[in-house]
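Grab the model and work through them one step at a time.

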Amino acid sequence: MAERLIKLKLIITCKDASKIISQSLDGPLPWPDRMKLKFHFLICDSCIRFNRQLHILSDAVKGIRNNIENNSTIQLSLNAKTRIISMIDSKNY
Amino acid sequence: MTPNVNDWLNEHGDYLYRFALARLRDPHEAEDAVQETMLAAIKGNNFEGDSSARTWLTGILKHKIIDLYRKKIHEQPLSDFTDLDASDSSMDDFFDKSGHWLDKPQTLDMPDNALEQKQFLSVLSDCVDKLPARLATVFLMRDLHETDNEIICNELQATATNVWVMLYRARMGLRKCLEMNWLKD
């Protein structure tokens, strides 16, 4: 049985699994890759944790972004506003 | 319609600035992006009344942000770009010869309470700064600005494989950095 799975390349290393996990964040995986990952997760807690780490990483980055977007104390400085207006005036639009 | 930069800046300037700052992480670049947006808005003057001015301006800003990302990437020395093969040696730090984790990934959780969460995000921010600049920019383009991989490939004139390898390496480095700097006892 195990031999057959290896022949089908359904059994993959953690190194290969980690690449597939990263790709899974960027779009739907091809069917064989999904199967490989499913099998791998059955036998590997480390890669399950790695998968979780990448999802937390991705959520956290969006958290940083949202904190800035929603922070109304962050404002375009008066200097910058004046500079932008005078730059546009000088170009006579 | 007479475009009025004054009104746009007063009504949407802060919003656009925060939008840009959240993605570019540099106040000067964020100001530049807003300035470029205003210029393009006034030059193009193709605002159609069926969307709000804010939506329209944000749409322009999104493109300006991608322009700035692209510029950042092309400013980096090429050496950063060369070693793009995920197949092997570049991952020797993480896996042994038979492909097993050298250090097993640890449980990493986003803290619940606000103060710790803030600290977590600040550790992550430092980790992003420690990445090679190209990797950091590609990572921010993808995970922060949520640019499609296809657009990233076009902008960088890189193959899909190159882009996913860069993302893979960036993520590998970041989660390791978080483990080392956040989980330390």
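**Exercise 1.** Work out how helix α2 (residues 14-24) and helix α4 (residues 45-69) of chain A are arranged.

*Solution.* Start with the axes: those of α2(A) and α4(A) come within 10 Å and cross at roughly 25 degrees. That makes the two helices roughly parallel (angles under 35 degrees count as such). Next, the partners: A:Cys14, A:Ala17, A:Ser18, A:Ile21 and A:Ser22 of α2(A) touch A:Cys47, A:Phe50, A:Asn51 and A:Leu54 of α4(A), contact meaning heavy atoms within 4.5 Å. Sorted by class, these are 6 nonpolar, 3 polar and no charged residues.

A word on the ground rules: this is a predicted model, where local features need pLDDT of at least 70, side-chain atom pairs need 80 or more, and totals for chains, interfaces and linings use all residues. Residues are numbered from 1 along each chain as written, chains are lettered from A and ligands numbered from 1 in written order, and side-chain values use heavy atoms, leaving out hydrogens and water.

**Exercise 2.** Describe the interface of chain B and chain A.

*Solution.* First, count: 54 residues of chain B contact 44 of chain A. Then look for salt bridges (a Lys or Arg side-chain nitrogen within 4 Å of an Asp or Glu carboxyl oxygen): the rule finds 7 across the interface. B:Glu31 pairs this way with A:Arg83, their closest N and O atoms 3.3 Å apart.

**Exercise 3.** At what angle do α5 (residues 114-130) and α8 (residues 160-182) of chain B pack?

*Solution.* The angle is about 130 degrees, with the axes 9 Å apart. The two helices are therefore oblique to each other.

Notes: Axes are lines fitted to C-alpha atoms, for helices over the stretch in contact, and angles run from 0 to 180 degrees between N-to-C directions. Helices (H or I, at least four residues) and strands (E, at least two) are DSSP runs, numbered from the N terminus. Angles under 35 degrees count as roughly parallel, over 145 as roughly antiparallel, 65 to 115 as roughly perpendicular and the rest as oblique. Ala, Val, Leu, Ile, Met, Phe, Trp, Tyr, Cys and Pro count as nonpolar, Asp, Glu, Lys and Arg as charged, and the others, Gly among them, as polar.
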